Amino acid sequence: MQQVTKMAKGKEDKKAVSDQEIPTKHQKLIQWVNEMAALCQPDRVVWCDGSEDEKTRLERESITNGELIELNPKKLPGCFLHRTAHNDVARTEHLTFICTSKKEDAGPNNNWMVPKEAYAKAGAMFQGAMKGRNMYVIPFCMGPVGSPFSKIGIELTDSIYVVLNMRIMTRMGSAVLKALGTDGEFTKGLHSKADLDINRRLILHFPEDNTIWSIGSGYGGNVLLGKKCLALRIGSWLGAKEGWMAEHMLILGIEKPNGEIKYITAAFPSACGKTNLAMIVPPEGLRHKGYKIWTVGDDIAWLRIGKDGALRAVNPEAGFFGVLPGTNSKTNAVAMATMKKNTIYTNVVLAPDKTVWWEDGDGEPPAEGIDWKGNPWKPGTKDAEGKPVLGAHPNSRFTAPISQCPTFSPKMNDPEGVPISAIIFGGRRARVAPLVYESFNWQHGVYVGSQMASERTAAQYGKQGEVRRDPMAMLPFCGYNMADYFAHWLRMGQRIKKQPKIFHVNWFRTGSDGKFLWPGFGDNLRVLEWILGRVEGTAEAEETPIGYIPKSNSIDLKGLSLDQNKVQELLSIDSQEWLEDLKSQEEFYVQFGDRLPKEIRSELDALRKRLSRSQ
Ligand code: OXD
Ligand code: MN
């Protein structure tokens, strides 16, 4: 069958693309592509096959049209720089909607629109939005192709940047179309940059139709539809329906000297060091123990109950889309090594030798360069009001294949996933939460996850001390009513025969001097070691009202100059502070009304009693 396309005059690859045969016999897919093409009116429809030739052709095309700048082929082979529009540098949560027939199904945690209204509103924006551009058809698979965990999606987009990023972030191309067959289920994703006008930007999810529409943005989190949109928002909806879980979690394997590998997952709100933990480097003091780290994923975990009764995790992604400022050889040497080749850098400084630089990265800034906005920049540049001008945007990113990660786990491609021994929740709390505690059981652990929170610090998050509840780090990503999501977690617990233990960590507790008490980074492995010890029944703990905390000396602090007072402060529990915190938890839960599972309320009441008794 010939592709129904009109040729753009004078394009170099005119022949190759116009003669392209539609590479599928999936009638529903072909019909949908044709309908979307009729709506968006691109010059041509290009089916992506994921080949090297296609990659090279698209790279050339985007260098010519200015979407990408090729970086120094000797120092950064296969790497490119991209600059987004100035108003398009982060996920736009206020323009992100869950469109379900009933408002209660989206829940108070989501912006909501009636599906009909949403289709009409965005449809008007998509009308003719791809005129003069190509519409690329990207078949992609979240998870290993053929795995029972995996889901197939098709993204239609007018952005080559999106195609090249999806190529890194997902398994994409012909193998996926083949796996889809002639009648397989797939998520329908439509994206257009349109005119990148923030007033005409919408990120819409239609879980009842397994559909995502994104318009007016070119920023990764809004437009790489496999990531937050499919793998979390639509994924969490599908998981609740089909009996599995889509979570905002890293997946990490810790190999002990005897060769046994234990896998953990961990959920932290953005900016709490998830990518760093996924690539943790053992600290000097623990090196003699011979731990080896295996990175399975840094952002998303899909969890199912395996035939063995264990909770098994797959990373649905194939790449990292990590934040750059603050990433350097000290904070994350593994990430630095990962991005030395075949990487797309977004919104960083371009140096004259065609390398890149960002704030708190490695090395000195170039004496002169081009900033993320494309303006001449040098260290010390100030704006009209005398404020320092950053060279890289604070949310500048790298997109790199996980397979390039020095700690890459080949288990990432295991269709059955890896068995999870422990689930870790974490937040950024200057006070209240101790360094680590273990929940009493699954139900208590679900409650611990449901009250997860991060404090805003003056430097980073606006009003100091303000607590933002972010249950399981899923607040911006749960595609349905969060009360039902808690109920789903509780139901899953009843079905898992080999339940992972659930823990809470806080790397960010500060002392009376306002300084962090815990060194963090590689030293976090000391806490993970205690957690694994608890899983195996070898680490000692003390029961407290909030859960089990490490007995003194049960965390190995060898090689760390941390005095005992600090350790005690890190593990201390102030009942009064906790009782205050419970009030803010209740305020958060109120919004879910009767839909909040009674188990969550009874865990909160039981904790209050235990704390009051201990005063
Ligand atoms: C991300 C995020 O980009 O959580 O992973 O915002
Ligand atoms: Mn994330």
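## Ligand 1 and its shell

The residues of the shell around ligand 1 divide into four charged, two polar and one nonpolar. This is a predicted model. The residues around ligand 1 are Arg91, Lys228, His248, Ser270, Asp299, Arg397 and Phe477.

For Lys228, a polar side-chain atom lies 2.9 Å from an oxygen atom of ligand 1. For Ser270, the corresponding distance to an oxygen atom of ligand 1 is 3.1 Å. An N or O atom in the side chain of Asp299 is 3.3 Å from an oxygen atom of ligand 1. On its own, ligand 1 has 210 Å² of accessible area, and the protein covers 88% of that.

## The manganese ion

Ligand 2 is a manganese ion, coordinated at 2.2 Å by Lys228 through NZ, His248 through NE2 and Asp299 through OD. Along the chain, the donors of the manganese ion follow the spacing K-x19-H-x50-D. His248 lies in the loop between β12 (245–247) and β13 (250–255), while Asp299 lies in the loop between β15 (292–297) and β16 (301–305), so the pair ties together parts that are 51 residues apart in sequence.

Lys228, His248 and Asp299 also belong to the residues around ligand 1. His248 has a relative accessible area of 2% and is buried. Asp299 is buried as well, at 8% relative accessibility. Both values count as buried because the limit is under 20% relative accessible area.

β13 pairs with β14 (residues 261–267) in the antiparallel sense over six bridges. Within this pairing, Leu250 has Ala266 of β14 as its bridge partner. The hairpin of β13 and β14 has five residues between the strands, and Gly259 takes a positive phi near 90° there. β13 is also joined to β15 by five bridges, and these two strands run antiparallel. Here Gly253 has Trp294 of β15 as its bridge partner.

## Strand β1

Strand β1 (residues 44–47) is likewise covered on both faces. Arg44 and Val46 are on one side, Val45 and Trp47 are on the other, and all are buried. The pairing of β1 with β6 (residues 134–142) is parallel and runs over four bridges. In β6, Tyr136 stands opposite Val46.

## A five-stranded open sheet

Five strands form an open sheet with mixed pairing, in the order β2-β3-β19-β24-β18. β2 (69–70) and β18 (319–323) stand at the edges with a single partner strand each, so one side of each is left without a neighbour in the sheet.

Inside the order, β19 (residues 344–346) and β24 (residues 397–401) pair in the antiparallel sense over three bridges. Thr346 stands opposite Arg397 in β24. Arg397 is also one of the residues around ligand 1.

Technical notes
Residues numbered from 1 in each chain as written. Chains lettered and ligands numbered in written order. Predicted model: local features only at pLDDT ≥ 70, side-chain atom pairs only at ≥ 80, totals over all residues. Heavy atoms only, no water. Donors = N, O, S within 2.8 Å, 3.2 Å for Na, K, Ca; no water. Buried < 20%, exposed > 50% of the residue type's maximum accessible area, 1.4 Å probe, protein only. Near = heavy atom within 4 Å. Polar contact = N/O pair within 3.5 Å; in protein donor to acceptor, adjacent residues only side chain to side chain. Areas by Shrake-Rupley, 256 points an atom, 1.4 Å probe, with all protein chains shown as cover. Nonpolar A, V, L, I, M, F, W, Y, C, P; charged D, E, K, R; others polar. Pairing = 2+ DSSP bridges.
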